[in-house]
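Here's a quick walk through a model, one region at a time. Keep the sequence and the 3D view open while you read.

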Amino acid sequence: MRGVSNPYPWYFGKDTYGGITLPEGNHAAITYTNSLFDDSEFGQNYYEWLDISSHEVGHINHIKASNKIADKQYELLLKTSMYAKDMYVPSLETHRTTSYLSKFIASYLKYGGHDKSPLEKQADKGSDSFNRFNNFVNEKYGNNSLINLLKSDISDTKKIQQIDKYWNEYVKSKETTK
Ligand SMILES: [Zn+2]
């Protein structure tokens, strides 16, 4: 996890906060805009943090799928480079990142924008389910219950236990309304 002040302008548009998930080694790394670390901006906005994070983790599966294809291309690239003397071969990691990003840029261009890309809509399922859960807790226990719990001074173990309790109630409520 890390922060950057003006990352990928084509990606964030004019939004004042955001994140991007990129391949890193055999896993993924989420980069957030610095505004999310700045307490005078969104640093204390737990909701924004949770909302963007539940979206970004949705991209981890995109990265896994993209890496599989990129690795196959890379094998071919290495083979070809044995016959072409001056061919530039990037590192596997650079190759993975480039092919992942180009896939997204192509998708944004094709569908007319970041938010319209089906890849983004898939990732939005994560933030959608976070929002449904958050709304459920708000209705049952009062507005900002989840955020207040996270902000409170009790231990992380207690917080996790309470969130588990909320989550189980939420799952049960979905089962009975089916
Ligand atoms: Zn996204």
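## S91 and its loop

For the cut-offs, a residue is buried with 20 or more other C-beta atoms within 10 Å of its own, exposed with 12 or fewer, and partly exposed in between, with the C-beta atoms placed from the backbone. You'll find S91 in the loop that links helix 3 (59–83) to helix 4 (92–111). From C-alpha to C-alpha, S91 is 9.1 Å from Y74, and the two are 17 residues apart in sequence.

## What you're looking at

This is a predicted model, where local features need pLDDT of at least 70, side-chain atom pairs count only at pLDDT 80 or more, and totals for chains, interfaces and linings use all residues. Numbering starts from 1 along each chain as its sequence is written.

How confident is the predictor? The mean pLDDT of the protein is 86, and 90% of the residues reach 70 or more; pLDDT is the predictor's confidence in each residue, from 0 to 100. Among the elements, helix 5 has the highest mean pLDDT (93), while helix 1 (residues 9–12) has the lowest (47). Across residues 6–10 the pLDDT is below 50, and this stretch has five contacts in the model beyond near neighbours in sequence. Two residues are in contact here if their C-beta atoms, placed from the backbone, lie within 7 Å.

## Overall layout

The protein has seven helices and three strands, in the order β-α-β-β-α-α-α-α-α-α from the N terminus. Both kinds of element are DSSP runs numbered from the N terminus: helices are H or I with at least four residues, strands are E with at least two.

The radius of gyration is 20 Å, well over the 16 Å that the globule rule gives for 178 residues, so the protein is more spread out than a compact globule. That radius is taken over C-alpha atoms, and the rule is 2.2 Å times the number of residues to the power 0.38. Along the principal axes, the C-alpha trace spans about 65 × 40 × 35 Å. Of the 178 residues, 15% count as buried. Looking at contacts with a separation of 6 or more, 60% come from residues 24 or more positions apart.

Strand 2 (residues 19–24) and strand 3 (residues 27–33) pair antiparallel over six bridges; DSSP has to find at least two bridges for two strands to count as paired. I20 sits opposite T31 in strand 3. Two residues lie between the strands of this hairpin, where G25 takes a positive phi near 55 degrees.

Helix 2 (residues 46–56) has I52, S54, H55 and E56 buried. What covers them includes strand 2, strand 3, helix 3 and helix 5.

## Helix 5 and what follows

Helix 5 (residues 118–141) has 24 residues and reaches 34 Å from first C-alpha to last, close to the 34 Å expected at 1.5 Å a residue. The expected span is 1.5 Å times one less than the number of residues. Helix 5 has a kink of about 30 degrees centred on K125, the bend being the angle between axes fitted to the seven residues ending there and the seven starting there. A123, N134 and V137 of helix 5 are buried.

After helix 5 comes G142, with a positive phi near 100 degrees. N144 isn't a glycine, yet its phi is positive too, about 65 degrees. N144 sits in the loop between helix 5 and helix 6 (145–151), and is partly exposed, with 15 other C-beta atoms within 10 Å.
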